[in-house]
Amino acid sequence: MIKALPICLALATTQAALAQSTPADETYDLAILGGRVIDPETGLDAIRNVGIRGDEIVEITEDAIEGERTIDAAGLVVAPGFIDLHAHGQSVLAGRVQAFDGVTTALELESGVYPVSAFYAAAQAEGRPINYGASVNWSRARYAALTGHDPVDHEDGFEMAPDAPDWRYTPASPEHTREVLARVETGLDEGGIGIGVLLGYVPGSGRGEYYALHELAAARGVPSFTHARYLSNIEPDSSLEGFQEMIAVSAATGAHMHISHLNSISLRDIGEIRPMIQSAQANGVNITVEAYPYGAGSTAIGTALFEGENWQARLGDISKSDFTLDGVPLSDAEFDRLQAEEPDTDIVVHFLDPDHNADDSALLAQSILYPGGAIASDGGGWSLGGEPVADTEWPLPAAAESHPRSAGTFSKFLRVYVRENRMIGLSDALAKLSLIPAQILEEAVPQMRTKGRLQEGADADIVIFDFDTVSDRATYEEPAQLSAGFHYVIVAGTPLIWAGELDTAVLPGQAIRGTVQND
């Protein structure tokens, strides 16, 4: 049940605060007045005033306060800004769209970037509306080591070398493994937030390399963010086996293993996989998880996930018409053509139908409501006519294409699981959006110790929303629809969204980096 604040107490507290005076020397840069302040870590859920100076929350009080700018938050929820651990859309435009979904920090961790220094330099030069950061992309480092083709910058795509073995299915030699690890370590030295491991896209890489990668992660005290090796409900090489590999490697090396998008890589086996992870955690294995509230994923049609004998049966007897492009189901012929001629085409693949099938909805809920799990979007960038939408374009073009999770993940979670179905209380839900993501990272990333909280001394990353109206609006057919209900979004003390309007003149996002160390 959602915890409701007694109306009489709320009114009495607000009236008492407004009746008091504030000394002139205690004027804040920004004052948030009379909102329902919720801090998931301390359990605070009460009407309070919040004072901000610079990029820090300096006071939370029942007393009256004043600010150079003030926000009347009466009737609204004031919460820590949401933290997305799985945000592929690392651009000004993608960040602005996510801000309307309550996100103040968006991190590219499952895939990561390579070279890391190039990513941070480009983001700093361009500016970002919300906080940003990335892990080291193992698969790119591996590609460079095995093919000899170094990426010029972090946005370079993979090219299949016609005169070389397929690097996705080639185990690394001891020499190549050492080079891969050296490249990854360089990325960590450059501030990479752990190691992004797209294992499912490189399923033929050796077990020895994967184990050595986690020995490095353990030695450096950083997490890995792994996409399981297999995506299948049929053994051998099943999703269950992929999870067993991740658990075993974490247990043996002591590395922090973060499992990306639990909902999609477990397919229909979550009933077996969830208790297996919980048992491992109970036995001290350092594993964390995330999930997103959709029954469909998105990736390039030419990936290794959709290759090999019997791949459709392995994905739960999926049909090629379960793949959609721009909201339209693909025919068998069009699927085959795109896979052969345009393998980089991003498509949406529907594994579950939670909106129309109660059993599928229950399967998805097992991942979404995993105890201690984070909500993360796996969202991406935006395209129009097959080309990226320019970063400088605003508003988002109505015909722009992406997965709806790129715009609506966090609002959908609040709407479906909290307000409509009451499957989780509001404070606990906000923890999954803010506090838990911060806690997953904070041992390796000290900057996260002051994020995900609404406390004095915490970073002033704050969202102010109407719980009764907050909602996703993005659909598979029309994904370019901003979420509703977020009246104010504050990043590093700077209002980015004010009274529901985006301020395009400000880019207050700050870089989040891993700790540079050599242990």
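Figure 1. Pro115 is found in the loop that links β7 (103-113) to α3 (116-126), where helices (H or I, at least four residues) and strands (E, at least two) are DSSP runs numbered from the N terminus. The peptide bond that joins Tyr114 and Pro115 is cis, and its omega is about 0°. A cis peptide bond also runs from Glu235 to Pro236, with omega near 0°, and Pro236 has its place in the loop between β10 (224-226) and α7 (239-253). The model shown in these views is predicted, so that local features need pLDDT of at least 70 and side-chain atom pairs count only at pLDDT 80 or more, while totals for chains, interfaces and linings use all residues. Residues are numbered from 1 along each chain as its sequence is written, and side-chain values use heavy atoms, with hydrogens and water left out.

Figure 2. Among the buried residues of α4 are Trp138, Arg140, Arg142, Tyr143 and Leu146. The buried residues of α4 pack against β8 (131-137), α5, β9 (195-197) and α6 (207-220), contact being defined as heavy atoms within 4.5 Å. Following α4 comes Gly148, whose phi is positive, near 80°.

**Figure 3. The crossing of α4 with α5.** The axes of helix α4 (residues 138-147) and helix α5 (residues 174-189) come within 9 Å and cross at roughly 135°; such axes are lines fitted to C-alpha atoms, for helices over the stretch in contact, and the angles run from 0 to 180 degrees between N-to-C directions. The two helices α4 and α5 are therefore oblique to each other, since angles under 35 degrees count as roughly parallel, over 145 as roughly antiparallel, 65 to 115 as roughly perpendicular and the rest as oblique. The crossing in which α4 passes α5 is right-handed, a crossing being left-handed if the near helix is turned anticlockwise from the far one by less than a right angle, and right-handed if clockwise. On the α4 side the contact is made by Trp138, Ala141, Arg142, Ala144, Ala145 and Leu146, and on the α5 side by His176, Glu179, Val180, Arg183 and Val184. Sorted by class, the contact of α4 with α5 has seven nonpolar, one polar and three charged residues; Ala, Val, Leu, Ile, Met, Phe, Trp, Tyr, Cys and Pro count as nonpolar, Asp, Glu, Lys and Arg as charged, and the others, Gly among them, as polar.

**Figure 4. The crossing of α6 with α7.** The axes of α6 and α7 come within 9 Å and cross at roughly 45°, and the two helices are therefore oblique to each other. This crossing of α6 and α7 is right-handed. In α6, the residues Arg207, Tyr210, Tyr211, His214, Glu215 and Ala218 meet Glu241, Glu245, Met246, Val249, Ala252 and Thr253 in α7. The contact of α6 with α7 divides into six nonpolar, two polar and four charged residues.

Figure 5. Ser266 has its place in the loop between α8 (262-265) and α9 (270-282), and at 0% relative accessibility Ser266 counts as buried. The side chain of Ser266 reaches the backbone oxygen of Asn263 at 3.4 Å. When residues up to four places away in sequence are not counted, Ser266 touches Asn233, Ser239, Phe243, Ile273 and Ser367. Leu267, which lies in the loop between α8 and α9, has a positive phi of about 55° although it is not a glycine, and at 5% relative accessibility Leu267 counts as buried.

**Figure 6. The contact of α9 with α12.** The axes of α9 and helix α12 (residues 358-368) come within 10 Å and cross at roughly 15°, and α9 and α12 are therefore roughly parallel to each other. The crossing of α9 and α12 is left-handed. Ile270, Gly271 and Arg274 of α9 make the contact with Leu363, Gln366 and Ser367 of α12.

Key. Buried < 20%, exposed > 50% of the residue type's maximum accessible area, 1.4 Å probe, protein only. Polar contact = N/O pair within 3.5 Å; in protein donor to acceptor, adjacent residues only side chain to side chain.
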